Each structure stands twice: as C-alpha cells, then as structure tokens.
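Welcome, and thanks for taking a look at this protein with us. Have the sequence and the fold open side by side as you read.

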Amino acid sequence: MSTAGQQVRFVLDGKVVTVDNAAPTTTLLQYLRDTLGQCGTKEGCAEGDCGACTTVVGELRGAHIEYRAINSCIRFLPTLDGKEVVTVECLQAAGGALHPVQQAMVDCHGSQCGFCTPGFVMSLFGLYLEQFRPSRAEVVDALSGNLCRCTGYRPIIDAALRTDDYPLPAKWSREDAQSEERHALLRSIQRESSLQLSGSTPSFHAPRTLDELAELYEKEPQSLLLAGGTDVGLWVTKLLRSLPPIIYLGEVAELGNVAEVDGQLEIGAAVTLADAYAAIVAHYPMLDEIGNRFASVPIRNSGTLCGNLANGSPIGDSMPILIALGATVELRRGPATRSLPLEELYLGYQKKAFLAGEFLVSVKIPLPRPGRLVASYKISKRFDQDISAVCSACAFDVADGRIVSARIAFGGMAAIPQRARHAETALSGKPWTLDSFDAAVAALAKDYQPLSDMRASASYRAQVAGNLLKRFYLEHGATPPALRVYDQSLAAAV
C-alpha cells in the first residue's frame, strides 16, 4: 500500500487486521463488505444519512477505551489506524448467543424487513456501552442518525429501554469492553511515528505533532486537510472525485485539546462536534438544543467543530452562535500564527481568508459574563438531522434596562454566515422593550436579501428571521433576569 512499507492496522473481533493494497479513500464500509466479507453492515445512502452502515469505533483515551457510533460509509480506512472496530457480527457470543441489544430487538419486534436493523443495533450498542438505563430522550438522540422505513420507531425505542433488563452478556458487557486484553491489543498497534502511505493514490500522511503538520502543509499547500471526513467522504462516494494528497489531522495531539485559557474556551481543530458541543453547553446550557440538532450522533462523533468552521457553509449551524459570541480562530502557516475574528474568515460564498499553506488550529470562544443573554435557534423541515432553512444567534449585553451591545448573526440568509449589523445598530443602547425589537426587525431588511431554494423561499426566510429576533425578546421576558434589580442588603439578609 505504501512505498514506505507502512500498513494500516486496526482491531476487529479480538484480532489485529492489517490492511494491504487498499486506496486511502477506501471507506470502512467497503473494506468490511468487499474484503472481509462482513455484510451485516449495509450501504443505504452512502452519505451518512440513513444509518444502515453504523459501526462502533473504540479509541484509547488514557486508561479508558472510548467507544462511539460512526457512519462507516464515509469514514476512510486509514483514519482507523490504531483503533478498534465493532460490527454487528462481533456482538454474538460463542454458540450464537445474542447480545442484550439484539435480544431486546427480537423480543420487542424491532425489525421488519431487517435492512436497517444492524445499524439500529450498533447505535444502541454504542449507547449501551456509554449509558446504563438510558432515558427515552437519550435513546431518541442516539437513534437520530438511523432511518427505518417499515418497522416504525416505537418497538425499537422499547427495545432500547429494555436492554439492561437482560443478564450481562458473555461478550461485550461494559466490563468486557474495558478489559485489560482489549487495552493490551490496542496498545500493541499504537504508533510512535506518523503514518505515511506515500505509494498510494492519493498519498496519505497523518502527522503526530503540530510542527510536523505545519511544515508538511506549508511545503504541500495543494494537499487536502482531512479531519472528520463527514463532508469529504461524500466527495468520493457521491461526487466520485479524485482527491489530492491527504493530510489527516486526527493524530495531532495538540489539536485534540479543549481548555479554558484567559476567559476563553479553546477548542482544537481535531475535537469532534460531540466533544466540542459538550464543552460549549457546559458553559452555555441554553445551546443544548442547537448542539443536539447538529446532524446526528454518528456524524457528531466523527465530524469536528473546526472542520465545520473551515468549510464555511452559508447554512452551517455552528457559525452563527460563535460569531454572535465573538469567537476568534487561530491560524497557522509554517511557524507563523495569527488570530482572526471568526466572521472575518468568510469573504464570500466558499471563499475564506486562508493563505496558501495556512490552516485552522483552534477556535476561541469567550466564556459567559454577567449581564449577557445568549440564544440560538434552528428552523428546518425536520427536527433531527436536517439542514437549516434559517439559523439565528443572539448575544446581548444588558444592564439597567438597556441593551449595552447586541451581536446578531444568521445562517441561511446570505452567501456566508453573517452579522445583522443594521439590526444590531437599531438595538444598541436602546431600552429592552418590544418597540426596540420591532425597530430591529424592520432593520433586518437592510441586512439580508435571502434567496429562495428547496428549503425555503426568500419571503419565508425574511419573515422567520424577524420572528426569531422577537422570540429572543419574548423568551427572556419584559424584564429578563439580567435586568432585574433587587435590594442587595435584603438579599444578603435572606
């Protein structure tokens, strides 16, 4: 596979699989079915939407193995180097005994035609390893990336709620998943140096340090930077593109960090959407819904927040709220670094301010402060796993009954995620009243000239954008908590 003689290795069903002569753009799904003959994992959409291809991937995280459901149809094989892959075939114990997740699906009649069933089983298996006796809401969230066209979801949800009623399985209990044998097997295939598949087409390089990444990309700026691959995978499976040399970010340790530094939450470029939103919601709990509605669980487990920012889709759900919060991005080219407000990264439709050989290292998000009101709203045809027609975000600083500053951003309203500066001006310094917001809604007409497309008409978008701005006011009340004044001495006495 490589002139350097390196091979991709991963663990499957207790054994190390060594990959020979597979192109780096081979997906895990293709390799499982075509090379290994494991056909329980299905191809439905080949774009990460239907969940028929769901598998679970385990990765060493210190003394713990972290298991997460992913879409194997858009996950390139070399990104699984050093990891464990669990398929539906792996779950059965000796003698054909079913795993509790599988047995519950049988007992609750959770399968009809059966095509989607392995994907449902693997999503529920991922939840089984993570959560004892999950709530119905947790089950529904775990299944957000799985589509069923004939059984219906009620029996599948019933099965998920019953899995912990069964005896512990001989294979793939929670304890077995963290056994020393599994840890030892994974440790045995960890690399000390970077993975290089230089004899393949395209070439694939997975640097292990930030300096190595910067040097490599500066020398080869025509390369494709690959993070979660939830967009890039579709370029291959749906658009049939030939890719340039690939530089994979997932092995750069520095890019996997989440930290609080100088009043900001810093999230590295290799941090998954799942982990990034968990960190954001820990500080901004009102953003929980927007995080849970960002694609599906398997997509959030592979895709990265910074990848979404670098992609710069005009309807990306992460950009409006981060722009409203005043986030900045750290960029690097060779040894040189610079900081840029996120909103200045986007120059026009699919045009970004990156220099040749420059990449996004991290995003820095200001932490909450007293008197700040924050919200983000998503409008789409489906609640789960749908692209927004409009996504809005507001971050207001308020004091003494007045709006000190207002930052408002929208996705889906222009060629790029963009601030509503006329509406902001209409609100800044004004009293917190419905009249002030009515004036801001009128000003929105100067900020955007939305297009009509399959998701919404221009007139619908314009009306919804104004309604969402008024919703922000109504949700926080005529006198929101940040504006309420009370007697400090009385409060102290109480």
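This is a predicted model: local features need pLDDT of at least 70, side-chain atom pairs count only at pLDDT 80 or more; totals for chains, interfaces and linings use all residues.

## Strand E16 and its neighbours

Let's stay with strand E16, which covers residues 359-366 and has 7 of its 8 residues buried. Strand E12 (residues 328-333) runs antiparallel to E16, and 5 bridges join the two. Strand E11 (residues 264-268) is also antiparallel to E16 and is joined to it by 5 bridges. In that pairing, Gln264 sits opposite Pro366 of E16.

## An open sheet with a helix across it

Further along, 4 strands make an open, antiparallel sheet in the order E17-E18-E19-E20. Strand E17 (372-379) and strand E20 (418-419) are the edges, each pairing on one side only. Within the sheet, E18 (residues 390-399) and E19 (residues 402-411) are connected by 9 bridges.

Helix H17 (residues 458-476) lies across E17, E18 and E19, and runs at about 145° to E17.

Searching the whole structure turns up 0 disulfides. For Cys108, the closest cysteine sulfur belongs to Cys148 and is 14 Å away, so the two are too far apart for a bond. Cys116 is in no disulfide either, with the sulfur of Cys148 as its nearest at 3.9 Å; the cut-off for a disulfide is 2.5 Å. Cys108 is buried at 12% relative accessibility, and Cys116 is buried at 10%.

## Salt bridges

The structure has 30 salt bridges. In one of them, Arg174 meets Asp164 with an N to O distance of 2.9 Å. Arg174 belongs to helix H6 (residues 174-177), while Asp164 is in the loop between helix H5 (154-162) and H6, 10 residues apart. Asp164 is buried, with a relative accessible area of 12%.

Lys219 and Glu215 pair within helix H8 (residues 210-219), 4 residues apart, or about one turn of the helix. Their closest N and O atoms are 3.2 Å apart. Lys219 is exposed at 62% relative accessibility, whereas Glu215 is partly exposed at 44%.

Asp438 and Lys470 form a salt bridge at 3.3 Å, N to O. Asp438 is in helix H16 (residues 434-447) and Lys470 in helix H17, so this pair ties together parts 32 residues apart in sequence. Asp438 is partly exposed at 33%, and Lys470 is partly exposed at 27%. Elsewhere, salt bridges with shared partners link Glu59, Arg61, Glu66, Arg68 and Asp275 into one network.

Methods
Residues are numbered from 1 along each chain as its sequence is written. Side-chain values use heavy atoms; hydrogens and water are left out. Buried means under 20% relative accessible area, exposed over 50%, partly exposed in between (1.4 Å probe, protein chains only). Two strands pair if DSSP finds at least two bridges between them. Contact means heavy atoms within 4.5 Å. Axes are lines fitted to C-alpha atoms, for helices over the stretch in contact, and angles run from 0 to 180 degrees between N-to-C directions. A salt bridge is a side-chain nitrogen of Lys or Arg within 4 Å of a carboxyl oxygen of Asp or Glu.
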